[in-house]
Amino acid sequence: MSYLLILVIAIPVLFVIGTTYNALKEQKRLEEGPLKEILSKREQEKREALRNSSRIKDNNK
């Protein structure tokens, strides 16, 4: 009877631990790979937009 109780408690706890571990591993993989590229592209787009907006302001003077 006590073994059944231990299993009923342990299985959900192990599931949560395993899911959290896999999520952290996946997040680290994304941070090291595609996320760096996406963030660098966004940074370039921001710079270009800022540069273009400053040119428009200079032309309107």
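This is a predicted model: local features need pLDDT of at least 70, side-chain atom pairs count only at pLDDT 80 or more; totals for chains, interfaces and linings use all residues.
Residues are numbered from 1 along each chain as its sequence is written, and side-chain values use heavy atoms, with hydrogens and water left out.

What does Arg 47 form a salt bridge with? The partner is Glu 43, and the closest N and O atoms are 3.8 Å apart. A salt bridge here is a side-chain nitrogen of Lys or Arg within 4 Å of a carboxyl oxygen of Asp or Glu. Helices (H or I, at least four residues) and strands (E, at least two) are DSSP runs, numbered from the N terminus. Glu 43 is also partly exposed, at 38%.

The structure holds two salt bridges. The other pair is Glu 26 and Arg 29, with the closest N and O atoms 2.5 Å apart. These residues lie three apart in helix 1 (residues 2-32), so about one helical turn separates them. Glu 26 is partly exposed at 36% relative accessibility, and Arg 29 is partly exposed at 47%.

I turn now to the whole chain. The protein has two helices and zero strands. Its radius of gyration is 25 Å, well over the 10 Å that the globule rule gives for 61 residues, so the protein is more spread out than a compact globule. That radius is taken over C-alpha atoms, and the rule is 2.2 Å times the number of residues to the power 0.38. The C-alpha atoms fill a box of roughly 85 × 20 × 5 Å along the principal axes. Of the 61 residues, 0% are buried.

Finally, the surface. A nonpolar patch of about 700 Å² is made by Leu 4, Leu 5, Val 8, Ile 9, Val 13, Leu 14 and Ile 17. Patches take residues with over 30% relative accessible area and no salt bridge, joining like charges within 9 Å and nonpolar side chains (Val, Leu, Ile, Met, Phe, Trp, Tyr) within 5 Å. The areas come from the Shrake-Rupley method with a 1.4 Å probe; for residues, only the protein chains shown count as cover. Leu 14 is in helix 1 and counts as exposed, at 57% relative accessibility.

Note on methods. Buried means under 20% relative accessible area, exposed over 50%, partly exposed in between (1.4 Å probe, protein chains only).
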